[in-house]
Amino acid sequence: MPMKRILSAALVGAVCLLSLTSCKKTSPVPDMDPHNVTPSTGGEAAAPQPGGNRNPLTGVTGYNGPAGARPISIMIPNDKTARPQVGLDQADLYVEAETEGGITRIMATFADVSLIPEKLAPIRSARTPFLMLAQSLDSLYVHWGDSVAARERFHSSGMDHIDAMYVTDGTFWRDAELKKTRDTEHSSMTGGPKLQAYIEKKNLRSTTSTASPFTFGEKAGTGAGQQVQITVSPSRPVVFEYDAGAGVYRKYNGTLDSKEAHNTLSGVQLSAANVIVMEAEKFNENDVTIGFRLTAGEGVLCSGGTSRPIRWTRTDDKLSFTEEDGTPMISAVGKTYICLTSLGDRTVLK
């Protein structure tokens with residue numbers, strides 16, 4: 001698999017490897033449509049708190065969610081007309097990737113439905129790379145519509161999902177205030193309490209035996225990692241800058257030379273303790289949408305202001321990360337932001 005080139009300061013330095021994974025189990029039974037879900041029996045990367053369980057996606061203690069709770073993954077658009085998003089800073093895990101025409105979307109994953117804020121927006125349609133990763137995490141995948149390729153994948157995989165387009169009981173709605181400042185398609189909203197009530201009403205499976213893809217601890221890399229520029233798409237680079245005082249990477253849209261803080265509507269900048277670049281082979285699913293071959297590959301982990309190469313594998317049942325030597329990847333306690341990139345795309349590390 002091709003290696004990822006890393007630029008350090010002014011010169012080309014170390015080599016980066018990347019790729020990805022995706023997919024998982026379950027069976028679809030529509031609410032109102034065959035694409036719909038099936039019944040089945042903070043901005044900061046928070047510091048550990050005393051007592052309580054560990055959040056399986058962040059490693060933060062003081063988590064009060066039920067043991068074995070099933071995560072929830074929700075599709076969020078990230079083109080400029082969809083920003084600023086609402087409540088996005090409260091997710092535990094992010095995956096950003098190109099969907100079509102240079103546009104990127106973000107899959108915001110919460111360790112359990114109780115962590116979803118009362119307002120989360122906007123919500124957009126499903127794409128295959130994200131639903132594959134959601135399946136690998138055994139998360140309940142939430143979206144508003146789908147692409148042709150995603151619809152085919154839903155049918156072939158039998159995975160659980162909720163298509164807001166076919167839910168008419170008030171769980172999802174078009175927000176009147178958002179519609180004043182943006183297109184209707186970017187005004188779609190849901191909330192944790194409403195979504196939880198819907199899941200309970202439909203008797204959707206709310207527990208999982210799938211392990212977290214992360215092992216938490218302390219491990220420094222040997223490469224540069226104070227500033228990171230990632231080519232999520234040729235026209236949509238993103239930047240992460242390490243804030244040593246807070247122990248997190250602050251996210252920006254743009255390049256190191258021209259960037260804009262990625263803030264939510266409430267003014268909170270997205271941040272994460274860990275930034276993972278996953279490189280995978282990108283291809284055109286059809287004339288419109290983009291897919292990635294998600295089986296195994298290489299990547300880079302940025303954590304604590306340093307970087308190091310990693311590896312990943314994905315099956316329908318599991319997403320896992322390892323160090324270069326094959327031992328479990330050690331990530332810092334806190335949120336993780338995954339950027340899925342094409343083979344050979346350049347990542348700049350300083």
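Before you click on, two notes. You are looking at a predicted model, in which local features need pLDDT of at least 70 and side-chain atom pairs count only at pLDDT 80 or more, while totals for chains, interfaces and linings use all residues. Numbering runs from 1 along each chain as its sequence is written, and side-chain values use heavy atoms, leaving out hydrogens and water.

**Stop 1: aromatic pairs**

How many aromatic pairs does a search of the whole structure find? The search finds seven. Rings of Phe, Tyr and Trp (its six-membered ring) pair if their centres lie within 6.5 Å; planes under 30 degrees apart are stacked, over 60 edge-to-face, and the rest tilted.

Show tyrosine 141 and phenylalanine 154: their pair is tilted, with 6.1 Å from centre to centre and 45 degrees between the planes. Tyrosine 141 sits in strand E8 and phenylalanine 154 in helix H2, so this pair ties together parts that are 13 residues apart in sequence. (Helices, H or I runs of at least four residues, and strands, E runs of at least two, come from DSSP and are numbered from the N terminus.) Tyrosine 141 is buried at 0% relative accessibility, and phenylalanine 154 is buried at 1%.

Now return to tryptophan 144, which forms an edge-to-face pair with phenylalanine 172: 6.2 Å centre to centre and 80 degrees between the planes. This pair links distant parts of the chain, 28 residues apart: tryptophan 144 is in the loop between E8 and H2, and phenylalanine 172 is in strand E10 (residues 172–174).

One further selection is Tyr94, Phe240 and Tyr337, which ring pairs link into a cluster.

**Stop 2: phenylalanine 172 and the cores**

Phenylalanine 172 is buried, at 6% relative accessibility. Leaving aside neighbours within four places in sequence, its contacts (heavy atoms within 4.5 Å) include Ile123, Val142, Trp144, Ile162 and Leu195.

Which residues have the most contacts inside the largest nonpolar core? They are Ile72, Ile74, Ile162, Phe172, Leu195, Ile230 and Phe240, in a core of 40 residues. Apart from this core lies another, of 35 residues, including Tyr63, Phe292, Leu319 and Met329. A nonpolar core is a set of buried Ala, Val, Leu, Ile, Met, Phe, Trp, Tyr and Cys residues joined through side-chain atoms within 4.5 Å. In soluble globular proteins, nonpolar side chains tend to be buried together.

**Stop 3**

Pick H2 (residues 148–157), whose buried residues are Ala149, Ala150 and Phe154. Looking down the axis of H2, you will find these residues within an arc of 140 degrees, so they line one face of the helix; the arc is that of the directions from the helix axis to the C-beta atoms. The face turned away from the buried side carries the exposed residues Val148, Glu152 and Ser156. Among the elements covering the buried residues of H2 are helix H1 (128–137), strand E8 (140–143) and strand E9 (161–163).

Next, colour H1: ten of its ten residues are buried, so this helix is largely enclosed by the rest of the structure. Aspartate 138 follows H1 and lies in the loop between H1 and E8. Its phi is near 60 degrees, a positive value in a residue other than glycine, and aspartate 138 is buried at 2% relative accessible area.

**Stop 4**

Most residues other than glycine have a negative phi, and most peptide bonds are trans. Find the bond from arginine 83 to proline 84, which is cis with omega near 0 degrees. The bond from alanine 121 to proline 122 is also cis, with omega near -10 degrees.

**Stop 5: histidine 262**

Is histidine 262 buried or exposed? At 1% relative accessibility, histidine 262 counts as buried. Look for it in the loop between strand E17 (259–261) and strand E18 (271–272). Its side chain joins that of glutamine 85 in a polar contact of 2.9 Å. A polar contact is a pair of N or O atoms within 3.5 Å; within protein, one must be able to donate a hydrogen and the other to accept it, and residues adjacent in sequence count only if both atoms are side-chain atoms.

Methods. Buried < 20%, exposed > 50% of the residue type's maximum accessible area, 1.4 Å probe, protein only.
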